[in-house]
Amino acid sequence: MEAQQISRIFTSKSLFFSSHLAKISGNLGSLKGKNSSLFPVFGARISSNNGGGRFGSIRRSVNEKSKGSGGFNNFQDEILRSFEDKNDVEVIFEKQIDQSMEKESQSAGSKEFVESITNIMNEGTEGAMDAEEEEKHHTKVTHSVVFVTAEAAPYSKTGGLGDVCGSLPITLASRGHRVMVISPRYLNGTPADRNFDGAVDTECKVKISCFGSTQEVQFYHEYKAGVDWVFVDHPAYHRPGNPYGDVHGAYGDNQFRFALLCHAACEAPLVLPLGRFTYGEKCLFLANDWHAGLVPVLLGAKYRSHGVYKDARSIIVIHNLAHQGVEPAITFKNLGLPADWYGALEWVFPTWARTHALDTGEAVNILKGAIVTADRIMTVSQGYAWEITTVEGGYGLHELISSRRSVLNGIANGIDVNEWDPSTDEHIDFHYSMDDLSGKAECKAALQKELSLPIKPECPMIGFIGRLDYQKGIDLIRAAMPELLQDDVQFVMLGSGDKQTEDWMRKTETANRDKFIGWVGFNVPISHRITAGCDILLMPSRFEPCGLNQLYAMRYGTIPVVHCTGGLRDTVESFNPYAQEGSGQGTGWTFSPLTKECMLEALRTAIGTYNEHESSWKGIMKRGMAQDYTWDNAAVKYEEVFEWAFADPPYIR
């Protein structure tokens, strides 16, 4: 019985035991002369099955008898290396313990030894229970997950891709997976360069053959929030601008820059001794958008043909199908792929899309190659997973994607509920919650004051936050604004992009200073204050793979009015005042088709509800705030797809 007790204690709280060795040593010292034969040599071996091998070893020796006294001379403890994953641990005792304990189970020394350790370990009983509770939230099967992405917040970010690749890896790591994120080390000569200050040079360099030469890249690494953040360093990533371009437009060598990223990402799990151990070959690659689209192709064309990565799997995650990495066919030879793999990336434009009569329309499409060769295909919402199989939403790839529908899944993004929490948000002046909404009105008044708008609690305040481009439906906003501003409303726009729209925002503000504010640019604190202070958030996107602003808005009690598309359709439920025996249901309003008239009708319905039905409005607010769009929920669904990926054999041509 005592042996079982000790085994259970060590198994459930091995870390706590190692932190209390001094105490145990002192208690053992009090047992000198009492059945010293009870304590044979025994060891505890800690092994971690975390897909690549972070493990350590703890060795303990308690068999040295004190000469002449029959007791112990010392209690040796050597910790060679502590494991980092505390939740996938197995402590195995040598059989000698059980045998010795059975023989001496009735001895006073045995009982005293058990009581001594039990008393010490009882100090951590509550912690052990917490550990057991925490373990329930961890996945049963862990993987070595490698995210490959052009951006990852907070290191680099231009939109939702950066948010996803900055948050989901942390959640997966907290659930027990070993997670690496690989992205470029962008240095543009601005304060943003300081984002990489915590990353250190691994002194590991690899040579990559592509684009007619041999390129050398090196890796920087930072271990933070349980994730290995790895940055590929090369002069091509050191230039002014954002990850994709500058004031003059997209960089002309983006194909080269992101092909280099993909080659380096395939090498990193094999060569980087992170935590003294590489990730190894049994990895799960999550390639995000076309920038990482060569990864699944390289696994099949470059590595598996040589017996490497034969147990790896790849998933292409599509955040925006409109961008596919299409370049002239002649550039295929630069990608570092065998010539007979051209068909995987081959792309031919239809006749109407060609530039002139002699244009054959031949090109290479990197995202197409990823869709062909990846083991699974994912999008960032269920609605978008369906849309990309249609002619309207497939951008020429709908037939190919439809042919692989059996491996296609959509999972809505989560949000960082620590950063976006109206009860603790550091960017807003007043805090509030679903149980106490009083701070919401104060945030509105503070925003009106900050923007020099009339402070009118009764006036509905509408906000727009996003890029100023065609996808976001800004043309509809411009067309509808003259009519909308005839009503008693206030409108705030925050964004940058299309220069004509930026100029229009400035002119409209000048002409309607008491009703319209156009903030050209992007500012994180003001985006939080707009989300908290506005009553309505407008999102007339033509397509929206997932969308995050509507999720932020609902969490802050701001009612979304959105076009019924993609992730907006999945996450916003239209208000129905007659449901639930008149108590209503829904979290906002959706409209379709995408026309100025439909958008204005939805907005005016929302405005009318705000003005005339306070109880219904508060019900919509609270239902939105009660929605659970945490990354934990999304991570559970991702893990299901991980299992499906490994259930089938990998792609082999």
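The model is predicted, so local features were required to have a pLDDT of at least 70 and side-chain atom pairs a pLDDT of 80 or more, whereas totals for chains, interfaces and linings use all residues. Residues are numbered from 1 along each chain as its sequence is written, and side-chain values use heavy atoms, with hydrogens and water left out. Helices (H or I, at least four residues) and strands (E, at least two) are DSSP runs numbered from the N terminus.

Nine strands are arranged in an open sheet with the order 7-8-9-6-5-12-13-17-18 and mixed pairing, two strands being paired if DSSP finds at least two bridges between them. Strand 7 (200–210) and strand 18 (408–410) each have a single partner strand and stand at the edges, so one side of each is left without a neighbour in the sheet. From one strand to the next, the twist averages 25 degrees; axes are lines fitted to C-alpha atoms, for helices over the stretch in contact, and angles run from 0 to 180 degrees between N-to-C directions. Within this sheet, four bridges join strand 13 (residues 313–318) to strand 17 (residues 376–379) in the parallel sense, and Ile315 has Arg376 of strand 17 as its bridge partner.

Helix 7 (residues 160–174) lies across strand 5 (144–148), strand 6 (178–184), strand 9 (227–233) and strand 12 (283–288), and runs at about 140 degrees to strand 9. Helix 9 (residues 294–303) lies across strand 5, strand 12 and strand 13, with an angle of about 140 degrees to strand 12.

Another open sheet consists of three strands in the order 14-16-15, with antiparallel pairing. Its edge strands are strand 14 (326–328) and strand 15 (346–348), each of which pairs on one side only. The average twist from one strand to the next is 45 degrees. Three bridges connect strand 15 with strand 16 (residues 362–365) in the antiparallel sense; Trp347 has Ala363 in strand 16 as its bridge partner. Helix 11 (residues 366–373) packs on this sheet through contacts with strand 15 and strand 16, and its direction makes about 60 degrees with that of strand 16. Contact here means heavy atoms within 4.5 Å.

Burial was classified by relative accessible area: buried under 20%, exposed over 50%, and partly exposed in between (1.4 Å probe, protein chains only). A nonpolar core is a set of buried Ala, Val, Leu, Ile, Met, Phe, Trp, Tyr and Cys residues joined through side-chain atoms within 4.5 Å. The largest such core has 104 residues, of which Phe219 and Leu294 touch the most other members. Helix 8 (residues 254–271) contributes the largest share of this core, ten residues. A second, separate core comprises 65 residues, including Ile477, Leu484, Val492 and Val562.

In helix 16 (residues 474–484), the residues Ile474, Leu476, Ile477, Ala480, Met481 and Leu484 are buried. They cover an arc of only 140 degrees around the axis, which puts them on the same side of helix 16; the arc is that of the directions from the helix axis to the C-beta atoms. Among the elements covering these buried residues are strand 19 (461–465), strand 20 (490–495), helix 17 (499–511) and helix 21 (596–612). Thr571, found in helix 20 (residues 566–571), is also buried, with a relative accessible area of 5%. Apart from residues up to four places away in sequence, Thr571 touches Gln550, Leu551, Met554, Thr587 and Tyr629.

The structure holds 20 salt bridges, each defined as a side-chain nitrogen of Lys or Arg within 4 Å of a carboxyl oxygen of Asp or Glu. In the pair formed by Glu216 and Lys207, the closest N and O atoms are 3.1 Å apart; Glu216 is partly exposed at 39% relative accessible area, while Lys207 is exposed at 62%. A salt bridge also links the side chains of Arg529 and Glu450 (2.9 Å, N to O). Since Arg529 lies in helix 18 (residues 524–533) and Glu450 in helix 15 (residues 438–450), this pair ties together parts that are 79 residues apart in sequence. Glu450 is partly exposed, at 36% relative accessibility. In the salt bridge between Arg513 and Glu509 (3.8 Å, N to O), Arg513 is partly exposed at 35% relative accessibility, whereas Glu509 is buried at 18%.
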